[in-house]
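Please work through each task before reading its solution.

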Amino acid sequence: MKIKIALFLLLIPSIVFSQIGLDYYLPKNVTYNNKIPTPKSFLGYEVGEQHASPYEIYAYYREVAKYSDRIKLETYARSFENRELMLATVSSPKNLANIDQIRAEHLKLSNSDVSKSLKPEQMPIVVWMGYSVHGNEASGLNSSLLTIYYLAAAQGAEIDALLNESIILVDPSINPDGATRFSTWVNQNKSQSLVSDANSREFKETWPGGRTNHYWFDMNRDWLYQQLPESKGRLVKYYDWLPNVLTDHHEMGSNSTFFFQPGIPARTHPMTPVKNIELTSKIGQFHAAGLDSIGSYYYTKENYDDFYYGKGSTLPDVNGAIGILFEQASSRGHLQESVNGILSFPFTVRNQFSATLSTLKASKSMRNELLTYMRDFYAEKSTDEVKAFVFGGGNDPVRTWEMVNVMLRNKVEVYKLSKNEILGNTQFSTSDSYVVPMSQPKHRLVKSLFEKRTTFADSAFYDISAWTLPLCMNVPFAESKTAVSLGQKLSEFNFPLGKVVGNSTYSYLFEWDGYFAARTAYELLNKGYKLKYATEPFEALIDGKNKAFSYGTIQILCDGNDPREYLEELAKRDGTVFYGQKTGLTQSGINLGSEKFRRMEKPQALMIVGDGVDYNDAGEVWHLLDQRVSIPLSHLDIASVNRTDLTKYTHIIMNQGRYVDLSEEKIKGFLAKGGTVVALGDAASWLSQKKIGTVGIKPEASNDGKGKRPFVAKSGFDGALVTSGAILEAKLDPSHPLCYGYKQTTLPIFKVNNVTFEETGNPYNTPLVFTDKPLLAGYVHPKNLDRFKNSPAIIAQTVGQGKVVNISDNPNFRAFWYGTNKLFLNSLFFSSGISAGRFEDEED
């Protein structure tokens, strides 16, 4: 009978939609405290009747907390749009009164020196419930209204036992910026007579939609590197508690049902213990029982994976916890047609709430087992042949600074190097190098951050297959198979301040090596300073000694004034070192008045956005320029670009995407007047198709189909050809303007597509070329690897009076790929220098 009722509600017609009440969602045979306001009594509508905004959800949480002694609320972060992110700690009043002591005792589970004396059977379980990191996957955050009401208002022995034995951390809306965007859209486009036609406007968000945060980031990929304020704040609370179970509530396509982990077993990261999968499966039995009881369909151990540790459901797996992904078929609006019938928003909310209840039931039932698992996880010592990783040096302390802080944010132990070391061919100095030993509780996480894995149990990936931290940051590193003596343990790592050396009314020099050199240069240009950059090396006298300055060194023309006081402010902010010069004569190489110092122009960039453009890639550019380099960036939809006068812009940025509606004549006209186009990924393919420049694109690899294969295997074979994210090595020309600031001969590049350039025949326009053995880490199909070998990663050309910079990949990937940001920034600051590499085969 229950199944029949549930199927009826799945097919619920709009005429009775508004008649659904709390009894549709809540467990039966439970009494509720009538002093606790229901969601409808506060919001004015029933859960699922319309989409609640994060503001409404937080307001309801505060209202409930006024009447309940089971809840403690706190704000853990602010979004880019200054929206709060709230965490509710829910437990029995007795536990809340002793919450600091309970937390301190719980954290001892991760300390093998004291954990043996703990008695897990007497400790509360810690459960984190996280809802809707993707803002348009709204059933999760709307179900959080039911979560807090149930936990605050339910009465009886069962809820009392749950609260006595549990600390429940509720994160009701992980992405308030995206969720606000989405809830506004669907509520604006909702009809009183609900429309279920999937073609209706209610189900067709405008670009970029509500999935992402303010800068169009997929925040579910930011748990490990924590480049966003929402993630940084959330992970502080996560590590403050180190929960035993974390749930991550998502949505998927409307024609699906409900998914819960484990995912595909072969796609689990090797650092995750087998016991983790067993416990996840055991918890899954509780989810199945809960969904069975309301007649909902589901599946598990299919799709999705537990490989990349940067997601909400996988980072717990390398922290001694059980991360659980839930995926609910999305109604996207209020009522939508699907292959399974009419899918209602209340039905999707109820399934998410069912998964919440089953998680809590499983956690309580398995409390001792889960607590013991965490204790054993951290007590297990590393048996890896690598005993430590050493890193540091290079020509940019800022990237090392961020690398250390990524680890400190994840509670990894980092030490100063106690004595100079030579590992392999790399020298490490105590002045700027650090050690991460494997003999620490986080050794699994350490291994995943430093390893260069190239072999895998499966050849298809739901997300990226490599994220090697020092390669991301382009910081020298080496592994040691013997223990390395440790210096001081780092508890914090301060930003490396710059300085001003000397004074001058003639000129100052600063090198382009530093991560924030572009921010320094832009501010100086914006304030009217004249800057020039060196196209050849030279030596100058600094403090009585010769100092070598490389390609791209910036000269600030003082015009008789000494800006030292102002430069000291920039030095502290950006880590830039300025060198005062009182003469134009150098010790060797070009002089300061040489024509080989070229004038730097202030970039004024336009980025094309809108339908067809990859909003993640576009957002990463916007974030880099706005948040890190402080460069204003105009972004226009394709239709607006087609009718806008582009002469005010120096650069047009085109990211990965489809540009079918973009006027090629508009782009050609922009180039004809001397503009620069920076094209990444598929945008370079579009330029190639339109014969804008002479870049050729290699055809995609395909499965040859030889031999007999079962039809069911097709998706696996096709998936293996997808390059989801691997790290390749490229040869670098430090004399080329696009490579200024690099003093190395090779550079790690993140490859996240199959776009591959043909060789140009011009020896001067390919400043970055993949090596003949390019794979450093991650999975690449052998056919694609053959395509990538020796192919240009960047092609810089003159086209008419303009320039085109073609970049095969995304140098700004997810904001954590610090090592190649400079390549992209160089295309804005040094594109005028590309003409020096002009070759007769290029267009006039």
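**Confidence of the model**

This is a predicted model; its protein chain averages a pLDDT of 95, and 95% of the residues score at least 70.

**Exercise 1.** Identify the residues over which pLDDT stays under 50.

*Solution.* Step 1: residues 1-16 stay under 50 in pLDDT, and the model has 25 contacts beyond four places in sequence for them. Step 2: residues 837-844 also stay under 50, with 27 such contacts. Step 3: where pLDDT is low, the predicted coordinates should not be read in detail.

**Exercise 2.** Classify the ring pair Y238 and Y239, and decide whether each residue is buried or exposed.

*Solution.* Step 1: a search of the whole structure finds 53 aromatic pairs. Step 2: among them, Y238 and Y239 have their ring centres 5.2 Å apart and 85 degrees between the planes. Step 3: planes over 60 degrees apart count as edge-to-face, and this pair is edge-to-face. Step 4: buried means under 20% relative accessible area, so Y238, at 2%, is buried, and Y239, at 6%, is buried.

**Exercise 3.** Classify the pair Y659 and W686, and state which parts of the chain the pair ties together.

*Solution.* Step 1: the ring centres of Y659 and W686 lie 6.3 Å apart with the planes at 55 degrees, so the pair is tilted. Step 2: Y659 belongs to the loop between β31 (651-654) and α20 (664-672), whereas W686 belongs to helix α21 (residues 682-689); the pair therefore ties together parts 27 residues apart in sequence. Step 3: Y659 is buried at 1% relative accessibility, and W686 is buried at 6%.

Definitions and conventions:
Residues are numbered from 1 along each chain as its sequence is written. This is a predicted model: local features need pLDDT of at least 70, side-chain atom pairs count only at pLDDT 80 or more; totals for chains, interfaces and linings use all residues. Side-chain values use heavy atoms; hydrogens and water are left out. pLDDT is the predictor's confidence in each residue, from 0 to 100. Contact means heavy atoms within 4.5 Å. Rings of Phe, Tyr and Trp (its six-membered ring) pair if their centres lie within 6.5 Å; planes under 30 degrees apart count as stacked, over 60 as edge-to-face and the rest as tilted. Buried means under 20% relative accessible area, exposed over 50%, partly exposed in between (1.4 Å probe, protein chains only). Helices (H or I, at least four residues) and strands (E, at least two) are DSSP runs, numbered from the N terminus.
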